[in-house]
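The tour goes from one selection to the next.

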Amino acid sequence: MAKIVPLAEAVADNVKDGDTVAMEGFTHLIPYAAGHEVIRQGKKDLFLIRMTPDILYDQLIGVGAARGMKFSWGGNPGVGSLHRFRDAVENQWPQPLEIEEHSHAAMANAYEAGAANLPFAVFRGYIGADLPKVNPNIRTVTCPFTGEVLAAVPAIRPDVTIIHALKADRAGNVLLEGIVGVQKEAVLAAKRSIVTVEEIVDELNPPSPNSVVLPSWTVTAVAHVPGGAFPSYAQGYYSRSNAFYIAWDEIARDRDSFTAWIKENVLDARPEDFAKHAQKSGKAV
């Protein structure tokens, strides 16, 4: 059953050097505060997994926390490149980065296979695509019933999955609403999981049609971190900071400006600092 603990304790207990780590959230509910705690604790040699790595993974790569990354798209959404990601791939700074690129469909199916405790995912995909030429983990299987040749990729089974959600009750049950990506599957596929939340409540509200409730037994640790998804957004709590995503382009272009930003805003900061961003941003539409 989930334990409700401070974020520092959740990360110390559940993220180990060398782990395979998934931090999911599709535009909405990206777990920035938890990622910053991973950086503060100096976790190293992580193999990162994320369908759409953006600024958070740029930060983790830039501080040298990552040995590799499996992903299906990488960039600063609406702005351009991830400069720390590019620097690692092109110049091996601060260290070389192994990359394994997939399609969105492959990643989603691989998470679902991991959640179902299957060894691989099979789906219709990669027809006419070039990724199989450079990724040996994209293979084919022949359907034993129809003879159709289908794409196959290994299941994703992270050592730990980290997500941000809206609410948890005092028993550790977790509620997500709004745009939901593969958070549910990523948690179910993982050996351990950390969920940061905007609120701890006595009871979860009756779910809306698109809500997801993760039962306490699927979650390892819950941490109360208001604003923990900033600069992404949390539906009903605060809006996405488009200005920050634009500003990041300049911050991350230069190694020195990146390092200075990390020191001021991550290494010398605390999870509690995220709460002020939620208050400034107002309610999301």
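The stops below cover the nonpolar cores, then some backbone features in loops. Keep in mind that this is a predicted model.

**Stop 1: the cores**

Select Val-15, Leu-48, Leu-60, Ile-162 and Val-174. These residues have the most contacts inside the largest nonpolar core, which has 66 residues. Now select residues 160-169, which form strand 9; this strand gives the most to the core, with six residues.

Next, centre on Val-15. Leaving out residues up to four places away in sequence, Val-15 touches Val-21, Val-38, Lys-43, Leu-46, Val-160, Ile-162 and Ile-194. Another core, of 19 residues, lies apart from the largest one. To find it, select Ala-22, Met-51, Ala-121 and Ala-151, which are among its members.

**Stop 2: the loop between helix 4 and strand 5**

Select the loop between helix 4 (83-91) and strand 5 (98-101), where Pro-94 is placed. The peptide bond from Trp-93 to Pro-94 is cis, with omega near 0°. Gln-92 is in this loop too. Its phi is near 60°, a positive value in a residue other than glycine. Gln-92 is partly exposed, with a relative accessible area of 41%.

**Stop 3: Asn-117**

Move to the loop between helix 5 (104-115) and strand 6 (120-123), and select Asn-117 there. Asn-117 is not a glycine, and its phi is positive, near 60°. Is Asn-117 buried or exposed? Asn-117 is exposed, with a relative accessible area of 57%.

**Stop 4: Pro-231**

Finish with Pro-231, in the loop between strand 13 (221-224) and helix 8 (242-253). The peptide bond from Phe-230 to Pro-231 is cis, with omega near 15°.

Note on methods: Residues are numbered from 1 along each chain as its sequence is written. This is a predicted model: local features need pLDDT of at least 70, side-chain atom pairs count only at pLDDT 80 or more; totals for chains, interfaces and linings use all residues. Side-chain values use heavy atoms; hydrogens and water are left out. A nonpolar core is a set of buried Ala, Val, Leu, Ile, Met, Phe, Trp, Tyr and Cys residues joined through side-chain atoms within 4.5 Å. Buried means under 20% relative accessible area, exposed over 50%, partly exposed in between (1.4 Å probe, protein chains only). Helices (H or I, at least four residues) and strands (E, at least two) are DSSP runs, numbered from the N terminus. Contact means heavy atoms within 4.5 Å.
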